[in-house]
Amino acid sequence: MAEYANLVRRALGQLRGHGGVKGFFVQLLRANDVKTGALVGVDKYGNKYYEDNKNYFFGRHRWVIYTTEMNGKNTFWEVDGSMVPAEWHRWLHCMTDNPPTTHPPEPKKFLADEHQFNVSGTTQQYVPYSTTRKKIHEWVPPKSAQ
């Protein structure tokens, strides 16, 4: 009987942690996962970072709930891993135990001030051009004299 009580208590905690039934289902549809944990911090874009060492194993105990708008783009259904800034990426992937809210990283001159989306696979992607001549040329069929 205690197992069922614990199951019901965790289910109600999930509903409370996501703001009710509507928030629970929105989170389930957006991220395919519903976790609850302690809020560790929020970055300047509105992404929320959570941690729960008690109920989840190492590697799954830290997660992010993405913001719905970033840099003027609606990201409600289009979440991408590149939406995580570099300082939170370190904490999220367990490179450090200290989140940037308590131990801010030293500023690096090569990091951009404004975080950019990953544009691979879009029309804005970087495509290098060749500066050397081709070694293999296409075959062009001879024209018939008519």
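Predicted model: local features only at pLDDT ≥ 70, side-chain atom pairs only at ≥ 80, totals over all residues.
Trainee: What makes strand 1 and strand 2 a pair?

Mentor: Strand 1, residues 38–42, and strand 2, residues 48–51, are joined in the antiparallel sense over four bridges, and because a pairing calls for at least two bridges, the two strands count as paired. One of the contributing residues is valine 42, whose bridge partner in strand 2 is lysine 48. In the hairpin that these strands form, five residues stand between the strands, and glycine 46 there takes a positive phi near 105 degrees.

Trainee: Why is asparagine 47 called buried?

Mentor: The relative accessible area of asparagine 47 is 0%, and since buried means under 20%, the residue is classed as buried. Asparagine 47 has its place in the loop between strand 1 and strand 2, and, leaving out residues up to four places away in sequence, its contacts include Val64, Ile65, Tyr66 and Met83.

Trainee: How do you know that tyrosine 66 touches residues beyond its own stretch of the chain, and which are they?

Mentor: Contact means heavy atoms within 4.5 Å, and with residues up to four places away in sequence not counted, tyrosine 66 touches Arg30, Asn47, Val79, Asp80, Gly81, Met83 and Val84. Tyrosine 66 itself lies in the loop between strand 3 (62–65) and strand 4 (69–70). For valine 79, which is 13 residues away along the chain, the C-alpha atoms of the two residues are separated by 6.8 Å.

Trainee: How many aromatic pairs does a search of the whole structure find, and why is the pair of tyrosine 49 and tryptophan 88 called stacked?

Mentor: The search finds two aromatic pairs. In the pair of tyrosine 49 and tryptophan 88, the ring centres are 4.1 Å apart and the planes stand at 0 degrees; because pairing asks for centres within 6.5 Å and stacking for planes under 30 degrees apart, the pair is stacked. Tyrosine 49 belongs to strand 2 and tryptophan 88 to helix 3 (residues 86–92), so this pair ties together parts that are 39 residues apart in sequence. Both tyrosine 49 and tryptophan 88 are buried.

Trainee: What makes the pair of tryptophan 88 and tryptophan 91 edge-to-face?

Mentor: Their ring centres are 5.7 Å apart and their planes are at 90 degrees, and because planes over 60 degrees apart count as edge-to-face, that is the name the pair receives. Tryptophan 88 and tryptophan 91 both lie in helix 3, three residues apart, about one turn of the helix, and both are buried.

How values were computed: Residues numbered from 1 in each chain as written. Heavy atoms only, no water. Helix = DSSP H or I, 4+ residues; strand = E, 2+ residues; numbered from the N terminus. Phe/Tyr/Trp six-rings, centres within 6.5 Å; stacked < 30°, edge-to-face > 60°. Buried < 20%, exposed > 50% of the residue type's maximum accessible area, 1.4 Å probe, protein only.
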